[in-house]
Amino acid sequence: MAKQNDRPTLATVAARAGVSIKTASRVLNGEKHVAASTAEKVESAADELGFRLNPTARRLRAGGRSPYIGVVLSDAGDAFQARAFAAVEAELAALDLRPVVTVVGDDPDREEAFLDECLANDLTGIIVIRTHPEAAETYARAAATPGTRIVSLDPAVEGPISTVAGDDRAAGRLAAEQLLAHGHVALGVIGDRSPSLITTRRLQGVQDAIAGRRGVGWRAYMREDAHDEASAKNVVAAWLGSRSAPGALITLSSTVTQGAIDACRRLGEWPALVGIDDFPTAELLDVTVVDRNVESLAAEAVRRLQAGTASGGPEGGGDRLGERDGPIGEETTGPGRGSEEPDFDNALCVIARGSGEEPPDTR
């Protein structure tokens, strides 16, 4: 087996064919005005040696950018992130771009290192699906690097970055209203990561729905930090095992929803439940969810990345992505941020499958 440094090069192909490196390059790059006999010798030599042109290197030499896009996820097991990544990958493939992915988990340092690597290798852009809360501010530094193009589906990412995010506050409000409309007054609310801006806004939406309603209790049953299935299952199991269990559950992410369902199944207790973000088995389990058009979010993120790429870097006089586009809607409005209306399908919907429509007396 050939060693890594024994791989054939353009020079070895040229030597085997008995031509100059320039001629070999012209043949292998498909240029015209090369004698047929010469082209045949070069192609035969390349085949014998197993030589393949590096399309990325060719693209860079021609003045183009890398075909690779950095993609950041915090949890590959989270259904929303998996759906969003699949949609992003499909959109990139249509543009002959390819994702380079990292899953940061509970390690914000890993996210920062990946970001540095993307910048060092001159990747065309970065799409953030979900960031670790402690790493969100590192994107402001990255965005300050000339030519950097970053689009985020996570509203927590800071800096002059284009944000394509759903209305998380409205999602929390819709989830609570669905249960309140069916007569529930004791609501158990389980959050995701407590420092997450998404969790904070979804909790604000729950508060919005309950504001002004008498006799509705939820603070006694609130857990803001249960970001995986195991911790969510433990929280719900403890609640359902108590004498004063909540009559309904609101779960603020698909991962938390699945942990809650596992606890209900193990204990044989089935309170009403509404989760935020759909997941693959939700229909089979009759789980009511608040969901959004993930494919539309992904398409818009890639469109904005391309718009930033097309505008050119500092040398071309174009704007860095985010300086002009701005974030989307009220949900991503903040100091120094825009408030334009979305030009894509950003609507939320309640998918009623049964778990969120049970009245309290059917438990």
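Guide: Contact here means heavy atoms within 4.5 Å. The model is predicted. By that contact rule, and not counting residues up to four places away in sequence, Gln178 touches Val274, Thr288, Val350, Ala352, Gly356 and Glu357. Gln178 itself lies in helix 8, residues 168-180. Its relative accessible area is 16%, so Gln178 counts as buried, the cut-off for buried being under 20%.

One of the residues touched by Gln178 is Thr288. The loop between strand 9 (272-276) and strand 10 (288-292) holds Asp286. Most residues other than glycine have a negative phi. Asp286 is not a glycine, yet has a positive phi of about 60°. With 43% relative accessibility, Asp286 is partly exposed. Asp96 also has a positive phi of about 60° and is not a glycine either. Its place is the loop between helix 5 (79-93) and strand 2, and Asp96 is partly exposed at 49% relative accessible area.

Now the charged pairs. Side chains of opposite charge can pair when their charged atoms come close. A salt bridge is counted when a side-chain nitrogen of Lys or Arg is within 4 Å of a carboxyl oxygen of Asp or Glu, and the count comes to 18 salt bridges.

One of them joins Arg193 to Asp106, with 2.6 Å between the closest N and O atoms. This pair links distant parts of the chain, 87 residues apart. Arg193 sits in the loop between strand 6 (187-190) and helix 9 (197-210), while Asp106 sits in the loop between strand 2 (98-103) and helix 6 (108-120). Arg193 is buried, at 16% relative accessible area, whereas Asp106 is exposed, at 54%.

Another salt bridge is formed by Asp262 and Lys233, whose closest N and O atoms are 3.7 Å apart. Asp262 belongs to helix 11 (residues 254-267) and Lys233 to helix 10 (residues 229-240), so the bridge ties together parts that are 29 residues apart in sequence. Asp262 is buried at 16% relative accessibility, and Lys233 is partly exposed at 23%.

A further pair stays within one helix. Arg304 and Glu300 both lie in helix 12 (residues 294-311), 4 residues apart, which is about one turn of the helix. Their side chains meet in a salt bridge of 2.9 Å, N to O, and both residues are buried.

Two packed helices are described by the angle between their axes and the distance between the axes. For helix 1 (residues 10-17) and helix 3 (residues 36-49), the axes come within 8 Å and cross at roughly 125°. Helix 1 and helix 3 are therefore oblique to each other, and the crossing is right-handed. On the helix 1 side, the residues in contact are Thr12, Val13, Arg16 and Ala17. They meet Lys41, Val42, Ala45, Ala46, Glu48 and Leu49 of helix 3. Sorted by class, this contact has 6 nonpolar, 1 polar and 3 charged residues.

Terms used
Residues numbered from 1 in each chain as written. Predicted model: local features only at pLDDT ≥ 70, side-chain atom pairs only at ≥ 80, totals over all residues. Heavy atoms only, no water. Helix = DSSP H or I, 4+ residues; strand = E, 2+ residues; numbered from the N terminus. Buried < 20%, exposed > 50% of the residue type's maximum accessible area, 1.4 Å probe, protein only. Axes fitted to C-alpha atoms, helices over the stretch in contact; angles between N-to-C directions. Parallel < 35°, antiparallel > 145°, perpendicular 65-115°, else oblique. Left-handed = near helix turned anticlockwise from the far one by under 90°. Nonpolar A, V, L, I, M, F, W, Y, C, P; charged D, E, K, R; others polar.
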